[in-house]
Amino acid sequence: MALIELKQVSYRAGDQEILQDVSFAVEEGDYLTLTGPSGSGKSTTLKLIAGLISPNKGEIFYKGQNLDSLDLVQYRRQVSYCFQQPTLFDETVKDNLALPFAIRKQDFAEKRAQEALKQVDLSADYLDKKITTLSGGEKQRVALIRNLLFRPELLLLDEVTTGLDEESKQIVHQLIARVHQEGTTIVQVTHDQEELAASKQLLHMEKGGVLK
Amino acid sequence: MKAMAVSDLSLILSFALVLVPVAISWKEKLGLTRDIFYSVGRAIVQLVIVGYVLKFIMQVNNALLTLLMTLFIIFNAAWNANKRDPNPNRQLWQSIMALLIGTYITLGVLLLTQTVKLKPMQIIPITGMIAGNEMVAMGLCYKVLATGFHDQRQQVLEKIALGADVKTASMTILRRSIKTAMQPTIDSAKTVGLVNLPGMMSGLIFAGVDPVYAIKYQIMVTFMLLSATGLGAVIAGYLSYRNYFNKRSQLREEQ
């Protein structure tokens, strides 16, 4: 049984047809990249899988269950979407890493947050840093571990390394590779050659449809 | 009471004051002349009708009729507060609910403490004051919510993507909306008597009541408005933030 399956999915925003009859499946443990020109519906596909929007036509299945029948709030804790230019909340890094705990009504585990920071080459001191003092690369790394503190089954990456400096990019690549090795399925949108090479499958999209 | 009587002639002469904004509009080419005359005409018609209705209700002195009048005030305030909500998915029943609860709880406390009596001449003006202030607070709350969901759309989306429920995702915006809605009443409480002599107190002084006695009523009004605007804003805020989401806990597209 596929982890995620899209069946004849179409999505329209206003008068604009963004996706038309898109069908594909993602198996557990896959590392899939959606490629294609801008405006081909790649990000929309990720948002549909993340349950942030719903298709106008067609169905999406998660482990054989139609997304329409699932509690999407719980589902999104398993299927995590990372934005291209993430926003950090409130004041400090700690505020951001505490949020996934608060969402699950759990006490903040500071040690776990410090370990997570280390994984993206940021010291434990970063917890108390103000988000306004972070560089773009550091913000993206904090945002990424915010998504990964509670390990999701499926990680959706929407051009997360676009605009990052080389050092941050390498750190993010290493983290993604590690997370995938540990069993998280990954679906990404990227134009980065290194990320394209790392993925196991490519799916080319054009004009709102899947070609291959 | 004669001291506060306004003769018909005085009233007609005071109409000259309306010509001031008309002259400003004409001189500065603001295009407001028509709107000024319409609003003045409307105010006169409304007040004349309300004057006769209130006179009738006060003469009849019937509890049910008084209650009906308070419901009429509440419904009108709710209708206007709802119109101030920029969200196309706004719900009138939410404004009605917030105003009903906010007004009747505040009124109930005033009645239980015997600050006011169950008489139309007390209940109706007090209800008007409560509902009017709640209406402004709720309108402000709705506007700040709309601005928040527009400006912080990305943040809300990211919280939702992290698995937050709609309440957690909206909490920052919701808190700011309620705070902003309550702030003018709190600020006005700080300057009451120093900057402005509010309507209740001014009315009593106009009627020849000892100012020291009049301040007691103004203090009561200050307490009452703090409670009413707080309740109205918190209920309206907590009911209406959900209008920005669909049943699937997804943030609706902006229209």
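1. Strand β3 of chain A (residues 31-35) is largely enclosed by the rest of the structure, because five of its five residues are buried. Buried means under 20% relative accessible area, exposed means over 50%, and partly exposed lies in between, using a 1.4 Å probe and protein chains only. Strands here are DSSP runs of E with at least two residues, helices are runs of H or I with at least four, and both are numbered from the N terminus.

2. Some ground rules. This is a predicted model, where local features need pLDDT of at least 70, side-chain atom pairs count only at pLDDT 80 or more, and totals for chains, interfaces and linings use all residues. Residues are numbered from 1 along each chain as its sequence is written, chains are lettered from A and ligands numbered from 1 in the order in which they are written, and side-chain values use heavy atoms, with hydrogens and water left out.

3. Back to β3(A). A:Y31, A:T33 and A:T35 point one way, A:L32 and A:L34 point the other way, and all are buried. In a regular strand the side chains alternate between the two faces of the sheet.

4. Which strands pair with β3(A)? One is β8(A), residues 185-189, which runs parallel to β3(A) and is joined to it by four bridges. Here A:L34 stands opposite A:V189. Another is β9(A), residues 201-206, also parallel and also joined by four bridges. There A:T33 faces A:L202. Two strands count as paired if DSSP finds at least two bridges between them.

5. Chain A also has an open sheet of four strands. The order is β2-β1-β4-β5, and the pairing is antiparallel. The edges are β2(A), residues 16-26, and β5(A), residues 65-66; each pairs on one side only. Strand β1(A), residues 4-13, pairs with β2(A) over seven bridges in the antiparallel sense. A:A13 sits opposite A:Q16 of β2(A). Strands of a sheet pair through backbone hydrogen bonds, either parallel or antiparallel.

6. Now chain B. It has ten helices and zero strands. Its C-alpha trace spans about 70 × 55 × 35 Å along the principal axes. Of its 255 residues, 36% count as buried. Take the contacts in chain B between residues at least 6 apart in sequence: 69% join residues at least 24 apart. Contact means heavy atoms within 4.5 Å.

7. How do α4(B) and α5(B) pack? Helix α4(B), residues 63-83, and helix α5(B), residues 92-112, pack at about 135 degrees, with axes 8 Å apart. Axes are lines fitted to C-alpha atoms, for helices over the stretch in contact, and angles run from 0 to 180 degrees between N-to-C directions. The two helices are therefore oblique to each other. Angles under 35 degrees count as roughly parallel, over 145 as roughly antiparallel, 65 to 115 as roughly perpendicular, and the rest as oblique.

8. The residues at this packing can be listed. From α4(B) they include B:L67, B:L71, B:I74, B:F75 and B:W79; from α5(B) they include B:L92, B:I96, B:L99 and B:Y104. By class, the contact has 13 nonpolar, four polar and no charged residues. Ala, Val, Leu, Ile, Met, Phe, Trp, Tyr, Cys and Pro count as nonpolar, Asp, Glu, Lys and Arg as charged, and the others, Gly among them, as polar.

9. Last, B:C141. Its place is in helix α6(B), residues 120-151. B:C141 is buried, with a relative accessible area of 0%. Not counting residues up to four places away in sequence, B:C141 touches B:S177, B:I178, B:A181, B:A233 and B:G237.
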